[in-house]
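The following note sets out several points for a colleague who is examining this model. Please read each point with the coordinates open.

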Amino acid sequence: MISFKDVSKHYPNGTTAVDRLDLELPEGGITVLVGTSGCGKTTTLRMVNRMVEPSSGTVSVGGRDVLEADAAELRRGIGYVIQQAGLFPHRTILDNIATVPLLLGWGRRKARARAAELLELVGLPGDSGKRYPHQLSGGQQQRVGVARALAADPPVLLMDEPFGAVDPVVRTQLQNELLRLQSELRKTVVFVTHDIDEAVRLGDRIAIFRTGGHLVQCAPPAELLASPADDFVAGFLGAERGLKLLSLSTLADVPQEAAPAEGERWRLVTSERGEPLGWRDTEGPDGDRAPLLPVRPLRDGDSLLTALDESLASPAGLVARVDADGVLTGVTGRDRIHEHAGRRHAEAGRAAALKNADEKNADEAPETAETGEGTTASDASVTA
C-alpha cells in the first residue's frame, strides 16, 4: 500500500532528515516508526501525505507517486492524528469530526450522521457531540482526533505520537481502543512513537531509525526482540527485551489444572458463582478462618508477561484463570509459565536465525538465469 524507494530528505542547512530509505508498509497492518529524537521518523510519516516532500526518490500510496497527486486531494484521502488532537476550539465535537466529509461535499446532514456514528465507534457518549473540545478530557479529545481521521473512511491512517501527551492509564486505554478499532477496520496505519513498549504492543512491524534518517531494522516485534540487527537496535530495545517478548504471547497456550483441592495448604476461595475471591493459607495459625490474600484472575488473552508477574505475586505461586464471565476455570503454576516462556523465547530465536540465514544465502547466490535443469545461461554459452 505504501512504499519508499531510495527516498531522501535534505534541508538547505545541510541537515539530512531521511537518507536513502527503502521501506514497504503492508496493507491493513500497523507499522510503527520508532527511534531517537532527530532520526527522521516524523519526516518519514509526513512524506506520505506531502506535508514534507522528498528531495529524491519515490513515495507511493496505492501504487501512485504522491508527487503526482494534488496535495489537498491526497490529504483528504489520508487520516491524520497528531499529539493533543489538534481540534478546532470554536467547533463542536460533531463538527470537528465532520470536517473532512464536509470538505469532500458530503452535505451537512450526512457528514454529521457519520460523525455521530464515529463517536460511538471510538467509545464516546452521543451527547458529547454537542460539546466543545475544552469541555472534554485529554483522553476524550484524542478519541475525537481518531474519529475525525476516520470520518471519510480513508484506507491510510497516519498517527504522529498521538498518545504521548496523556497519562499512562489513559494511554493504555487509548492503545486498547486503537487495537480494537484496527481489528474491525483493518486500516493501513503508520504510527510514530519514541516509546519502544508502545511500539511492541501496537505494531505488526516495527521500523527502527537512527540519527541521520537511517533505517536500521524493520521486522515483526517477535523477530526484532529475538534477533536485533546490531548493538544500536539491542540498546534501543533495552536490557529487558526478553520480557518484552513475553508480552507478545498469551496465556491461552499454557495448560491449566484444577484449583488446589481440600487438604492442600493454599485454597482458592470462590463466590457462589465461582468467581475467585482470594487465597487462604489453611496451615496458618487461623486455619480455615485465615483472612483472604489478594488474587488477580487472568483470562486467556492476557500476556505471558502479565501471567509471570501474577505468579510471582501470588502467595501460592499459582495464577487463577477465569472465563469471559469471571468464573474460575482452573489454575496455572509458576513452573508451567516459566517453561512455556522459555520455549517461546527459543522458538522466536530459531525463527529469526533461520530467516537471517535464508537472507544471507539469497544475497550470496549468483544472479544467473536458468536455461534448463541445473544449467545456467553462462554454462549454456560455454557448452555451445
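Which residues does Ser249 touch, not counting residues up to four places away in sequence? The points below begin with that residue. The structure is a predicted model, and the remarks should be read accordingly.

1. Surroundings of Ser249. Not counting residues up to four places away in sequence, Ser249 touches Asp302, Ser303, Leu304 and Arg344. Ser249 itself is found in a loop, between α11 (241-246) and β11 (266-270). The relative accessible area of Ser249 is 6%, and the residue is therefore classed as buried, the limit being under 20%.

2. Division of the chain. Two domains are assigned: domain 1 spans 2-238, and domain 2 spans 244-357. Their C-alpha centres lie 36 Å apart. The contact between them takes 10 residues from domain 1 and 10 residues from domain 2.

3. Annotated region. An unreviewed UniProt entry carries the annotation "domain: ABC transporter" for residues 2-237.

4. An open sheet. Four strands form an open sheet with antiparallel pairing, in the order β2-β1-β4-β5. Its edge strands are β2 (16-25) and β5 (64-65), each of which pairs on one side only. In general, strands of a sheet pair through backbone hydrogen bonds, either parallel or antiparallel.

5. The pairing of β1 with β4. Strand β1 (residues 2-10) and strand β4 (residues 56-61) run antiparallel and are joined by 5 bridges. Ser8 stands opposite Ser56 in β4.

6. A helix on the sheet. Helix α1 (residues 41-48) packs on this sheet and touches β1, β2 and β4. The direction of α1 makes about 120° with that of β1.

7. Is Glu198 buried or exposed? Its relative accessibility is 3%, so Glu198 counts as buried. The residue lies in helix α8 (residues 196-202). The side chain of Glu198 makes a polar contact with the side chain of Gln175, at 2.9 Å. Gln175 is also among the residues that Glu198 touches, not counting residues up to four places away in sequence; the others are Phe163, Arg171, Phe191 and Thr193.

Notes. Residues numbered from 1 in each chain as written. Predicted model: local features only at pLDDT ≥ 70, side-chain atom pairs only at ≥ 80, totals over all residues. Heavy atoms only, no water. Helix = DSSP H or I, 4+ residues; strand = E, 2+ residues; numbered from the N terminus. Buried < 20%, exposed > 50% of the residue type's maximum accessible area, 1.4 Å probe, protein only. Polar contact = N/O pair within 3.5 Å; in protein donor to acceptor, adjacent residues only side chain to side chain. Contact = heavy atoms within 4.5 Å. UniProt positions renumbered as here; feature names shortened; annotations may be inferred. Pairing = 2+ DSSP bridges. Axes fitted to C-alpha atoms, helices over the stretch in contact; angles between N-to-C directions. Domains from an automatic or database assignment.
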